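These are my notebook entries on a two-chain model. I record what I looked up, entry by entry, with the criteria beside each term.

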Amino acid sequence: MRELSLNVMDIAQNSISAGASLITITVEEDEDLDELSISIGDNGRGMTPEQVEHVTDPFFTTRTTRSVGLGVPLFKMEAEMTGGRFSIESTLGAGTTTTAVFRPSSVDMIPLGDINGTVSMLVMMNPDLDFLYTRGYRPRGEERREFALDTRELRTVLGEDVPLNLPDVTGWVNDYLSENTSELLTKDTQEGATDI
Amino acid sequence: MTVKEMAGALGWKLLAGEDGQDNEADGCYVGDLLSWVMGRAQAGNVWLTVMGNLNAIAVAALADTSCIVLCEDSALDADAKNRADMQGIPVYGCGPNLYDTAVQVHGLLK
């Protein structure tokens, strides 16, 4: 995809189709390791070992509307083209976790894109489902830090009767993601350091 | 014009998908980012690329392109060849780059 966030949307749609009630999205960047890891997990119906074995074959699809399914194969290919790796773990009746690890320094790296917009859209379009989005970041030579958006906590605060697709809630989610992402990605600067 | 006629005129080598060589060439699309091609190539297009993997065959099947032309002698993976044969999607190889090949295709289609 032209943005990795679109892959997240695509894989999350698979989770929704699999009947998941909780979808976990984790984006983890480590500058020392030169890795960007994107993981999408769910508690949906899962897959059989045979399905897992074939899930990266674009001509193996459970879709009835067309004969090819390219979401997972492209996600895998995009990770591997950067020198990264891909894995998918699934247990029938328990859920599936898809993980792609990229090397951001690769010339074939695709931009992450608007991941906040993707998460916000998923929450807004699926108000009955829960999402746990975690963004982790370890700048070069610094400690790891993270923030999370957990719609289960949001429901606790707002009350179960407040739908998560209300414009005010969506606005809050957007602001929360934007502010925390900005804070997360701001590198610490040593006091008194000299600019060069 | 069929893709077989076009391949003959431009000296392309058939790599796979012989059964689809009577497909009509209708326009041309150039691109290597598969997800991009998937949403933009039109049915009947001659698709010029350097991506000779299984996913490229799936994109051609999805977009219903008339054929794939692997430019700059880029390789066709073995599993991609098998699937192209099964699907009847012609895959050709040629030496010139994407731009020069597109110009040649344009010359035949105009």
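**Entry 1: Helix H1 of chain B**

I looked up the burial of helix H1 (residues 3–10) of chain B and found Val3(B), Met6(B) and Ala7(B) buried. A residue is buried if 20 or more other C-beta atoms lie within 10 Å of its own, exposed if 12 or fewer, and partly exposed in between, with C-beta atoms placed from the backbone. Helices (H or I, at least four residues) and strands (E, at least two) are DSSP runs, numbered from the N terminus. Seen down the axis of H1(B), the buried residues fall within an arc of 100°, so they line one face of the helix. The arc is that of the directions from the helix axis to the C-beta atoms. I note the general rule that an α-helix has 3.6 residues a turn, so residues three or four places apart point the same way.

I then asked which elements of chain B the buried residues of H1(B) pack against. They are strand E1 (13–16), strand E3 (46–49), strand E4 (67–70), strand E5 (91–93) and helix H5 (98–109) of chain B. Contact here requires that the C-beta atoms of two residues, placed from the backbone, lie within 7 Å. Just after H1(B), Gly11(B) has a positive phi of about 75°.

**Entry 2: Provenance**

I record that this is a predicted model, in which local features need pLDDT of at least 70 and side-chain atom pairs count only at pLDDT 80 or more, while totals for chains, interfaces and linings use all residues. Residues are numbered from 1 along each chain as its sequence is written, and chains are lettered from A and ligands numbered from 1 in the order in which they are written.

**Entry 3: Chain B as a whole**

I found five helices and five strands in chain B, in the sequence order α-β-β-α-β-α-β-α-β-α. The C-alpha trace of chain B spans about 30 × 25 × 25 Å along its principal axes. Of the 110 residues in chain B, 45% are buried. Among contacts in chain B with a separation of 6 or more, 52% join residues 24 or more positions apart.

**Entry 4: The core**

Which residues touch the most other members of the largest nonpolar core? In this core of 71 residues they are Val46(B), Val69(B) and Val91(B). Helix H3 (residues 54–63) of chain B gives the most to this core, with seven residues. A nonpolar core is a set of buried Ala, Val, Leu, Ile, Met, Phe, Trp, Tyr and Cys residues joined through C-beta atoms within 7 Å. Leaving aside residues up to four places away in sequence, Val46(B) touches several residues, among them Val3(B) and Met6(B) of H1(B), as well as Val69(B) and Val105(B).

**Entry 5: Positive phi in chain B**

I looked for residues other than glycine with a positive phi. Asp64(B), in the loop between H3 and E4 of chain B, has a phi of about 60°. Glu72(B), in the loop between E4 and helix H4 (78–87) of chain B, has a phi near 55°. Asp64(B) is partly exposed, with 13 other C-beta atoms within 10 Å. Glu72(B) is also partly exposed, with 13 such atoms within 10 Å.

**Entry 6: Chain A and its strands**

Chain A has six helices and six strands.

I followed the strand pairing, for which DSSP must find at least two bridges between two strands. Strand E1 (residues 22–30) and strand E2 (residues 35–42) of chain A are antiparallel over eight bridges, with Thr26(A) opposite Ser39(A). E2(A) also pairs antiparallel with strand E4 (residues 95–102) of chain A, over six bridges. Strand E3 (residues 85–91) of chain A runs antiparallel to E4(A) with seven bridges. In the three-residue turn of the E3(A) and E4(A) hairpin, Gly93(A) has a positive phi of about 85°.

**Entry 7: The contact between chains**

Finally, I recorded the contact, which takes 11 residues from chain A and 12 residues from chain B. The chain A side has eight nonpolar, one polar and two charged residues. Ala, Val, Leu, Ile, Met, Phe, Trp, Tyr, Cys and Pro count as nonpolar, Asp, Glu, Lys and Arg as charged, and the others, Gly among them, as polar.
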